[in-house]
Amino acid sequence: MTIADQVTGSTIAGTAGAKPAEAKPVAAKSRAPAITLPAIGERELRLDLFRGLALWLIFIDHLPPNLLTWFTIRNYGFSDATEIFIFISGYTAAFVYGRAMLESSFVIATARILRRVWQIYVAHVFLFTIFLAEISYVATSFENPLYTEEMGIMDFLKQPDVTIVQALLLRFRPVNMDVLPLYIVLMLALPLILWSMKWRPDVTLALSALLYAATWEFDLYFSAYPNGFWAFNPLAWQLLFVFGAWCALGGARRMSRILASPVTMWISIAYLVAAFYVTLTWYVPQLGHLMPKPLEQWMYPIDKTDLDVLRFTHFLALAALTVRFLPREWPGLKSPWLRPLILCGQHSLEIFCLGVFLAFAGHFILAEVAGGPAMHALISLSGILVMWGVAWVISWYKQVADKSGTKTKAAAGNADLAGGG
Amino acid sequence: MKAKVLLSLILLCAGLVAPSARAGEAVPAAPAACELPSYLLTTESQLHKVAETVKAGKPLEILVIGSRSTTIPSSEDSSYPARMQAILKDKLPPAETVHVSVEIQSKKTAEEAAGTFVKLMEAKTPTLVIWQTGTVDAIRAIDPDDFRGAVTEGVAALQNAGADVVLMNLQYSPRTETMISAPPYLDNMRVVAQEHDVPLFDRFAMMRQWNDQGQFDLFSPSRGPELAKQVHDCIGRALAQFVIDAAHLGPAQQQN
């Protein structure tokens, strides 16, 4: 499911036992014309950790606001868990399929990527089915006269034929179901990205930034059904994904001097503090008048759909500080306390879907059984426990139950699952 | 006297218990349920024309442009425009005539509604327009940029017609939170309000506050109109208070 599975499972990489002591991309063993891959067999636990964290935060953010919501990073700055998720997905996908691209061929890598895309697509359709069940239930059971207008959202149930086909085409996407379609489109573009990266990584990144700029300049978007647009515009969000891929394929190593410089650190800290202050004014409106009006007018709205530059830079600042203060050899990464997060991060597609489902279920319980802060906190916590438990079971399947098959088969299966998912 | 003290004690206890209990069983009937933090009821933007009209003792014509959530089906008199009129009449000097009319733009997006404003303002010449919008746009997932453009145009049209404007945002609807994405529309209304120095009546935050504090159980699937009536009463009160504050109608213009 993740880097290590992939790498150890892939045909060239039999060195499962390699120690993860080597510095991340610095210790590049395999060299390609333009890009370098990190050493074989090492597992970047930090990626798993933060992806796991992103999955937990996405789950909490999908629940109605409650006590735990205050622990999610979106309350402390511009960016949120989605940025982490997409960046790490780009990183791991490039890591896994970049190797296939270099060592097998373009066709093989593309074939594997497409299989991965299919899995994500099926996961999306599965979530849509659950959503349909939920919304149909609400439509038939909820008749509060206060909300007759909001019930207009049920209108699409009058045309299930059209709606379902549009959902299969990824054009009809209910709230909270935006990340997987974005992911599917990004993964579909991955062969092209990798092929271009193999040629010139920096040019690829520049092209990606150009597309991002063009998206803003010419207001490009993906249309949705019945109208509107994709809530996460892939044309803008690709920047983060490509940047992740670029880092995985040697960019991070080449940036290591910039990342280590104190100037970068202080700029990052200053930016994060400023962002925190701005966010504070949203929650403490009394502070609002301390914000200069011209700044407000320039800054707002901070657009999530098109990955606002403020969000992107906020993520960069967070990442820069993380890389600096959380070295890859940090012993805490092996501590049992972080194990649940890492486990979840290692099976991200399954855990992501589970998180969306649990958020639906949590809403349902809050609405049907009982509300209140205590119940709310309980639902959040048990959701996280369920995510952990399922991640553990999946690991168990991978490590124990599936071992009975032929080794090559299991390895190939893992390899394909790995792609950043 | 004793009975009164006892009663208020019981009510107080009920109020304290309400947040933890499943609301709906304990919806306080008294307007105490309408309590809100003061920042939700105040604004930096001003309603100059309302202030002039009231100070000159001229009749105050208010037009509420809304949608289906402006009214309660088959209980028009309990809807928030009617409640606001009653409270304003109560709070402003007795000589002041206040008239609130309602224009329902059912199932219209902000853009579609804004298209009707020029004609609408020719027909009626209100001093103050309270424009409640956003829900239909959120349901139909209109591009937030387009939505912002439409709200901007609408506000400009209303202002050009010589009226003060108050923007009112969406209802807080926890039951449909997983289906309707309100935040982009809330944010954009806030932006337009800021840019045009128009007071924004934050209905969403108020209703969420009531729900979180346990005054109202907005999850309730009840078909009866009681909850809707109480919520509208509170919104009407808050709106009246908000207008008085934004027009800087001091004690001289107020009854109490």
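A nonpolar core, as used here, is a set of buried Ala, Val, Leu, Ile, Met, Phe, Trp, Tyr and Cys residues joined through C-beta atoms within 7 Å. Buried means 20 or more other C-beta atoms within 10 Å of the residue's own, with C-beta atoms placed from the backbone; 12 or fewer is exposed, and in between is partly exposed.

Ground rules next. This is a predicted model, where local features need pLDDT of at least 70, side-chain atom pairs count only at pLDDT 80 or more, and totals for chains, interfaces and linings use all residues. Residues are numbered from 1 along each chain as its sequence is written, and chains are lettered from A and ligands numbered from 1 in the order in which they are written.

The core first. The largest one has 178 residues, and A:Tyr97, A:Ala245, B:Leu167 and B:Val243 touch the most other members. Helix 3 of chain A, residues 81–103, supplies the largest share, 15 residues. Helices here are DSSP runs of H or I with at least four residues, strands are E runs of at least two, and both are numbered from the N terminus.

Take A:Ala245. Beyond its neighbours within four places in sequence, its contacts are A:Gly90, A:Tyr91, A:Ala93, A:Ala94, A:Ile193 and A:Met197. Contact means backbone-placed C-beta atoms within 7 Å.

Now chain B. It has 10 helices and five strands. Of its 256 residues, 49% are buried. The five strands form an open, parallel sheet in the order 2-1-3-4-5. Strands 2 and 5 of chain B sit at the edges with a single partner each, so one side of each lacks a neighbour in the sheet. Pairing takes at least two DSSP bridges. Strand 3 (128–132) and strand 4 (164–168) of chain B share five bridges. In one of them, B:Leu128 partners B:Asp164.

What packs on this sheet? Helix 3 of chain B lies across strands 1 and 2 of chain B, at about 170° to strand 2. Angles run from 0 to 180 degrees between N-to-C directions, with axes fitted to C-alpha atoms, for helices over the stretch in contact. Its buried residues include B:Tyr80, B:Met84 and B:Leu88. Among the elements covering the buried residues of this helix are strand 1, strand 2 and helix 10 of chain B.

Last, the interface. Chain B puts in 41 residues and chain A 38. On the chain B side, helix 8 gives the most, five residues.

Conventions
Contact = placed C-beta atoms within 7 Å.
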